[in-house]
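Let's take a friendly walk through a protein model, looking at how its pieces sit against one another. Have a look at the picture before reading on.

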Amino acid sequence: GLGKRAMNVDVGVCTYKRIAVAETLASLGAQTLPPGVALRVIVADNDETPEAEARIRAAAEANGLDLAYVHAPSRNISLARNACLDAARGEFLAFLDDDETATPGWLAALLAEAARGGWDAVLGPVKAVYGPEAPEWLAAGDFHSTAPVEAGGRILKGYAGNVLIRMDAVRSRDLRFDLARGRQGGEDDDFFYRLTDSGGTIGFAPDALAYEPVPPGRQSLKWLLKRSFRTGQTHGARLESRFRGPARLAQIGVAGAKGGVCLAGAAASALSPARRSKWLVRGSLHAGVVARLAGLKELQLY
């Protein structure tokens, strides 16, 4: 198993002006690591000026962490993610967002699943934590928690909020996060699609749990619809690169039909806000696919 030899693992945390990153680092300092596993944390600061550096170094020291601080300006998450790829020295690189906290068994669970399945990447679930001010329908529908989606028994796309990546799989494919997507979002969908399109495999470790508080600015249907529309656009871009002419028109028809089903579903569940919102958010995703395939420019979310 894992304990037989020393193994170096890096955890990349991309941050931008977030005080809560100290809690993220505290959760990394509290990891229960398997024997022989050495953890190093790479913090990529995406701010124009490295004003958070002292605060980040202090938090790392307070939590007994081996830290590599990298200044990766500015305001483009792909730049920061690529800086983590470049700074990684371990066999594995995990990513955790700067507003998330990992449970103590988080990294051990990711590593165990990577060893068990021989995966190129392993995802863990992100559980949304809603404040008392969150609308009831939002918490009931749990719209912000993240878990992988299977298509035909395979996980085709990942997300960078809670993932372990085998660095050999990245280097052999020369994978990078797309800078053009780094401001609008969708850079992680795109990255993992390229991994699996080239034969890479993604597994799931249900016990590798991270928590993420949902800020008030994201607790609206409007925000959910925008995010879903953008996800649809990312998916549409992938279809666009695969389908031409009549085949592309057929894809527009499929997505349009799915969108229609979602609107009908929303109308039918008008009395249940959580269900209605689920339908509308799904419909927005299909609208994003249609928009992208029909040639509309991608939405910038951030």
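Two strands are said to pair if DSSP finds at least two bridges between them. In this predicted model, strand 7 and strand 12 (residues 210-213) meet that rule with four bridges, and they pair in the parallel sense. Along this pairing, Val-129 stands opposite Pro-213 of strand 12.

The open sheet has three strands in the order 5-12-7, and its pairing is mixed. Strand 5 (101-102) and strand 7 (126-129) are the edge strands, each pairing on one side only.

## Helix 1 beside helix 2

The axes of helix 1 (residues 21-29) and helix 2 (residues 53-62) come within 9 Å, crossing at roughly 25°. Angles under 35 degrees count as roughly parallel, so helix 1 is roughly parallel to helix 2. Their crossing is right-handed.

## Helix 9 against helix 10

Helix 9 (residues 245-268) and helix 10 (residues 273-293) pack with their axes 8 Å apart, at an angle of about 160°. An angle over 145 degrees counts as roughly antiparallel, and therefore helix 9 is roughly antiparallel to helix 10. This crossing is left-handed.

Residues including Ile-252, Ala-255 and Leu-263 in helix 9 take part in the contact, as do Trp-279, Leu-280 and Val-289, among others, in helix 10. The residues of this contact divide into eleven nonpolar, six polar and four charged.

Key. Residues are numbered from 1 along each chain as its sequence is written. This is a predicted model: local features need pLDDT of at least 70, side-chain atom pairs count only at pLDDT 80 or more; totals for chains, interfaces and linings use all residues. Side-chain values use heavy atoms; hydrogens and water are left out. Axes are lines fitted to C-alpha atoms, for helices over the stretch in contact, and angles run from 0 to 180 degrees between N-to-C directions. Helices (H or I, at least four residues) and strands (E, at least two) are DSSP runs, numbered from the N terminus. Angles under 35 degrees count as roughly parallel, over 145 as roughly antiparallel, 65 to 115 as roughly perpendicular and the rest as oblique. A crossing is left-handed if the near helix is turned anticlockwise from the far one by less than a right angle, and right-handed if clockwise. Contact means heavy atoms within 4.5 Å. Ala, Val, Leu, Ile, Met, Phe, Trp, Tyr, Cys and Pro count as nonpolar, Asp, Glu, Lys and Arg as charged, and the others, Gly among them, as polar.
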